[in-house]
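Thanks for coming, everyone. Have the sequence and the model open while I talk. I will go through a few local details, one at a time.

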Amino acid sequence: MAGDATAALRVAICQVNPTVGDLVGNVALARRAVAAATAATADVAVLPELAITGYPPEDLLLKPGFVAEAGTALEDFAASTGPVAVVIGFVDGPDRSDDGRTRALAVTGSDASPGVFNAAAVCADGKVLGIYRKRHLPNYDVFDEHRHFRPGSGPLELFEIAGIPVGVTICEDAWIPDGPVTELARGGAAIVLDINGSPFREAKQARREQMIARQAEQAGVPIVYVNLVGGQDELVFDGGSFVVGSTGETLVRCASFRESVDVFDVEIGNPRSGNGRLPITPVTSPATPARNFVPGPLREPLAPNAERWNALVLATRDYVRKCGFTDVGLGLSGGVDSSVTAAVAVDALGPDRVHGVLMPSRYSSEHSVTDAEKVAANLGIETRTVPIEPAHRALLGMFGGAVSPGELTDQNLQSRIRGAVLMALANEHGWLVLTTGNKSEAAVGYSTLYGDTAGAFAVIKDVFKTTVYELGWWRNRQAGQELIPETVLTKAPSAELRPDQRDDQSLPPYDVLDPILALYVDGDLTGAEIRARAIVSDHVAEKVCGLVDRAEYKRRQSPVGPCLTGKAFGRDRRMPIVNRYHAATAP
């Protein structure tokens, strides 16, 4: 089969990392990927969903000027294409017909997004030769596409690329049983190219492959699944593009969490006969016969902690750089949260771009300072020490004795002093401040507004405390040395805002707390349902759930951070702040 010109399609999967709104930069990025595909004699280069605009563009799509400029950017990109066919995601506005020719068209849609479509363009030889519009718009979890797009409709069509009838779909369309993929196959498609902007979630790669495998088996054709890579605000796109054969086996699996252009051949069998054949638009001529078959990569899936770490690193790197910063600062306390955050930042940006600030107080233990210094030395980052005692003493004096050490107000005051110090240094040196709070603390409100929540990016915001420890041990094993000292990973966690303080004096131990939070926050169970599981006493379950309910106002004012689990605070979990339904005590 490999020697026959019609037996295989040479595909280039182009995992690119676009930046939302950077139309010129994204077009240049796409051109470089297509150039690499062309050099490798690909028949078709496939780029991800909305690669021209970046994904998700959100309310930029409510600006007619942006939509018009995005259309111009596509035309500029298409004009640079040559004999290699290209499938690329873009925003299709109301002034474009399905065959790619510009026209004036008033489309009746929602008031917010009249005639704006999430679309894929098929380009070659300097032209847009066809357009596919996404039909099934996700409106769950982090997706809000009904707000911004109209669903595509009308008859489907195929594209003849290198003599092979090809179908094109976008993301959710390929997840629908007996949906567009099956329709395309029944209409004569021998292969389907599916472009995606699928955000990372723990263990999601296996679910993607299983779902697409079922679709491929149902349709009887191979599916090429191409995914974005990169960070965008809270979202992390992990790449991990793959190809599933017509019998459901995974043939190709690309790298996760990094850009790549992989060129390989996909064997084409005889498509199943259908009730009728779809119209076919010629795109490129048949490929040169008698080519040697080029297999694709089949990389091993990453282990859970490797996935998490890579997601945090990519999200941090892209948030910092895409926001126009080069350096970050963070408070180094000698605890596990700040140590892991610092290690992620070093992997993301390099040690010379990470600045640790030690801010000891009257309650800081000697080991917290020495541990912070060890972390900094092991990671190779610069540090400076700014003791907060002078400011603490001065502020207490301002209250005329109304506040005394040991009270909650005093503890919060120290945290807010530290926040002010970090922000002042950031102003002075042009840093972006990383906060170091974890998901367990955010869930129960074990944080200080305008104190330890002061900053721009919360690296481990969606990582439970017990998982933070796992990540610390994991990173040390990968390094083959103690990047994070064992003393940091084994000592009892403490905020050190009063004498001999430990977290478990205010909260259940984290190995008790985190399973409750997983059920209540991630699992959406009520207090009664958690009590029925009998994992803890009624009193503990009610206390934890009540803390979560009361802390919503804090979380709404906290910085964004990367989403890793299926229920991150922010996009994933949107609870009302003013809310008198208390699931902690609900029957």
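**Backbone and rings**

Start with A162, which is buried, at a relative accessible area of 2%. Buried here means under 20% relative accessible area; exposed means over 50%, and partly exposed is in between, with a 1.4 Å probe and protein chains only.

A word on the source. This is a predicted model, where local features need pLDDT of at least 70, side-chain atom pairs count only at pLDDT 80 or more, and totals for chains, interfaces and linings use all residues. Residues are numbered from 1 along each chain as its sequence is written, and side-chain values use heavy atoms, with hydrogens and water left out.

Back to A162. Its phi is positive, near 55 degrees, and the residue is not a glycine. Where does A162 lie? In the loop between strand 6 (158–161) and strand 7 (164–170). Helices (H or I, at least four residues) and strands (E, at least two) are DSSP runs, numbered from the N terminus.

D125 also has a positive phi, about 50 degrees, and is not a glycine either. Look for D125 in the loop between strand 4 (117–124) and strand 5 (127–133).

Next, a cis peptide bond. It joins Y55 and P56, with omega about -5 degrees. P56 lies in the loop between strand 2 and helix 2.

Now the rings. How many aromatic pairs does a search of the whole structure find? Six. Rings of Phe, Tyr and Trp (its six-membered ring) pair if their centres lie within 6.5 Å; planes under 30 degrees apart count as stacked, over 60 as edge-to-face, the rest as tilted.

One of the pairs is Y55 with F237: centres 5.9 Å apart, planes at 70 degrees, so edge-to-face. Y55 is in the loop between strand 2 (44–46) and helix 2 (64–79), F237 in strand 11 (residues 235–238), so the pair ties together parts 182 residues apart in sequence. Both Y55 and F237 are buried.

Another pair is Y225 with F242. Their ring centres are 4.5 Å apart and their planes at 15 degrees, so this pair is stacked. Y225 sits in strand 9 (residues 223–227) and F242 in strand 12 (residues 242–244), 17 residues apart; the pair links distant parts of the chain. Y225 and F242 are both buried.

Last, F569. Which residue lies over its face at 4.6 Å from the ring centre? R555. K439 lies over the face of F569 too, at 5.9 Å from the ring centre. A charge sits over a ring if NZ of Lys or CZ of Arg is within 6 Å of the ring centre and within 35 degrees of the ring normal.
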